[in-house]
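Look through the chain shown here before reading on. The paragraphs that follow go from the whole fold to one of its parts.

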Amino acid sequence: MIAVLGLVVGAMVGLFFEPAVPVGLQPYLPIAVVAALDALFGGLRALLDGTFNDRVFIVSFLSNVVVAALIVFLGDQLGVGTQLSTGVVVVLGIRIFSNAAAIRRHLFKA
(Lines give C-alpha, C1' and ligand atoms only; values in the text may rest on other atoms or scores of the structure.)
Protein backbone atom coordinates (compact mmCIF):
# COMPACT_ATOMS: atom_id res chain seq x y z
CA MET A 1 0.00 0.00 0.00
CA ILE A 2 2.89 2.36 0.74
CA ALA A 3 4.32 1.78 -2.75
CA VAL A 4 0.99 2.62 -4.41
CA LEU A 5 0.66 5.75 -2.28
CA GLY A 6 4.23 6.76 -3.20
CA LEU A 7 3.47 6.18 -6.88
CA VAL A 8 0.34 8.34 -6.73
CA VAL A 9 2.09 11.14 -4.81
CA GLY A 10 5.08 11.03 -7.18
CA ALA A 11 2.85 11.19 -10.24
CA MET A 12 0.91 14.12 -8.79
CA VAL A 13 4.10 16.01 -7.91
CA GLY A 14 5.45 15.37 -11.41
CA LEU A 15 2.27 16.61 -13.05
CA PHE A 16 2.10 19.68 -10.80
CA PHE A 17 5.73 20.81 -11.08
CA GLU A 18 6.35 19.56 -14.66
CA PRO A 19 10.08 18.99 -14.15
CA ALA A 20 12.37 19.47 -17.14
CA VAL A 21 15.10 16.97 -17.92
CA PRO A 22 18.46 18.68 -18.52
CA VAL A 23 19.59 18.52 -22.14
CA GLY A 24 22.71 16.53 -21.22
CA LEU A 25 20.64 13.78 -19.60
CA GLN A 26 17.90 13.51 -22.22
CA PRO A 27 19.59 10.70 -24.23
CA TYR A 28 19.74 8.56 -21.08
CA LEU A 29 16.13 8.95 -19.93
CA PRO A 30 14.53 6.48 -22.39
CA ILE A 31 17.21 3.90 -21.60
CA ALA A 32 16.65 4.37 -17.87
CA VAL A 33 12.90 3.95 -18.31
CA VAL A 34 13.34 0.71 -20.29
CA ALA A 35 15.79 -0.60 -17.67
CA ALA A 36 13.33 0.27 -14.90
CA LEU A 37 10.53 -1.52 -16.77
CA ASP A 38 12.75 -4.59 -17.05
CA ALA A 39 13.27 -4.60 -13.29
CA LEU A 40 9.55 -4.02 -12.71
CA PHE A 41 8.48 -6.94 -14.89
CA GLY A 42 11.18 -9.12 -13.32
CA GLY A 43 9.90 -8.24 -9.87
CA LEU A 44 6.31 -9.01 -10.85
CA ARG A 45 7.39 -12.35 -12.29
CA ALA A 46 9.29 -13.17 -9.09
CA LEU A 47 6.26 -12.18 -7.02
CA LEU A 48 4.01 -14.53 -9.00
CA ASP A 49 6.64 -17.31 -8.79
CA GLY A 50 6.83 -16.84 -5.01
CA THR A 51 10.51 -15.89 -5.03
CA PHE A 52 10.22 -12.10 -4.63
CA ASN A 53 12.76 -10.42 -2.37
CA ASP A 54 12.48 -6.68 -1.86
CA ARG A 55 16.23 -6.18 -1.49
CA VAL A 56 16.93 -8.06 -4.69
CA PHE A 57 14.29 -5.97 -6.45
CA ILE A 58 15.74 -2.65 -5.28
CA VAL A 59 19.29 -3.66 -6.18
CA SER A 60 18.12 -4.99 -9.56
CA PHE A 61 16.14 -1.83 -10.25
CA LEU A 62 19.00 0.53 -9.42
CA SER A 63 21.74 -1.53 -11.04
CA ASN A 64 19.74 -1.99 -14.27
CA VAL A 65 19.27 1.76 -14.60
CA VAL A 66 22.88 2.60 -13.73
CA VAL A 67 24.45 -0.08 -15.95
CA ALA A 68 22.22 0.80 -18.90
CA ALA A 69 23.05 4.50 -18.53
CA LEU A 70 26.77 3.72 -18.23
CA ILE A 71 26.70 1.62 -21.39
CA VAL A 72 25.02 4.44 -23.31
CA PHE A 73 27.44 6.99 -21.82
CA LEU A 74 30.39 4.84 -22.87
CA GLY A 75 28.90 4.57 -26.34
CA ASP A 76 28.57 8.34 -26.52
CA GLN A 77 32.22 8.73 -25.52
CA LEU A 78 33.29 6.24 -28.19
CA GLY A 79 31.08 7.84 -30.83
CA VAL A 80 28.74 4.86 -31.16
CA GLY A 81 26.04 5.98 -28.73
CA THR A 82 23.09 5.23 -30.96
CA GLN A 83 24.27 1.69 -31.69
CA LEU A 84 24.80 0.89 -28.02
CA SER A 85 21.49 2.53 -27.12
CA THR A 86 19.77 0.31 -29.67
CA GLY A 87 21.57 -2.72 -28.27
CA VAL A 88 20.52 -1.93 -24.72
CA VAL A 89 16.89 -1.43 -25.77
CA VAL A 90 16.89 -4.71 -27.72
CA VAL A 91 18.39 -6.74 -24.86
CA LEU A 92 16.13 -5.22 -22.22
CA GLY A 93 13.14 -5.51 -24.57
CA ILE A 94 13.79 -9.23 -24.95
CA ARG A 95 13.95 -9.57 -21.17
CA ILE A 96 10.74 -7.58 -20.73
CA PHE A 97 8.84 -9.72 -23.24
CA SER A 98 10.26 -12.89 -21.69
CA ASN A 99 9.05 -11.83 -18.27
CA ALA A 100 5.70 -10.72 -19.72
CA ALA A 101 5.28 -14.16 -21.30
CA ALA A 102 6.06 -15.86 -17.99
CA ILE A 103 3.57 -13.60 -16.21
CA ARG A 104 0.92 -14.38 -18.83
CA ARG A 105 1.56 -18.11 -18.49
CA HIS A 106 1.28 -17.84 -14.72
CA LEU A 107 -1.90 -15.77 -14.71
CA PHE A 108 -3.78 -17.48 -17.53
CA LYS A 109 -2.22 -20.95 -17.31
CA ALA A 110 -1.52 -20.69 -21.04
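A contact means heavy atoms within 4.5 Å. Among contacts in the protein chain between residues at least 6 apart in sequence, 73% join residues at least 24 apart. The model is predicted: local features need pLDDT of at least 70, side-chain atom pairs count only at pLDDT 80 or more, and totals for chains, interfaces and linings use all residues. Residues are numbered from 1 along each chain as its sequence is written, and side-chain values use heavy atoms, with hydrogens and water left out.

The protein chain has 4 helices and 0 strands, where helices (H or I, at least four residues) and strands (E, at least two) are DSSP runs numbered from the N terminus. Read from that end, the order is α-α-α-α. Along the principal axes, the C-alpha atoms fill a box of roughly 45 × 35 × 25 Å.

Of the 110 residues, 22% count as buried, which means under 20% relative accessible area, against over 50% for exposed and partly exposed in between (1.4 Å probe, protein chains only). The protein chain exposes about 7,900 Å², and carbon and sulfur atoms supply 76% of that area; accessible areas come from the Shrake-Rupley method with a 1.4 Å probe.

Helix α1 covers residues 2–17, 16 residues in total. From first C-alpha to last, α1 reaches 22 Å, close to the 22 Å expected at 1.5 Å a residue; the expected span is 1.5 Å times one less than the number of residues. Is α1 largely in the open or buried? The number of buried residues among its 16 is 0, so α1 lies largely in the open. Just after α1, E18 takes a positive phi of about 45°.
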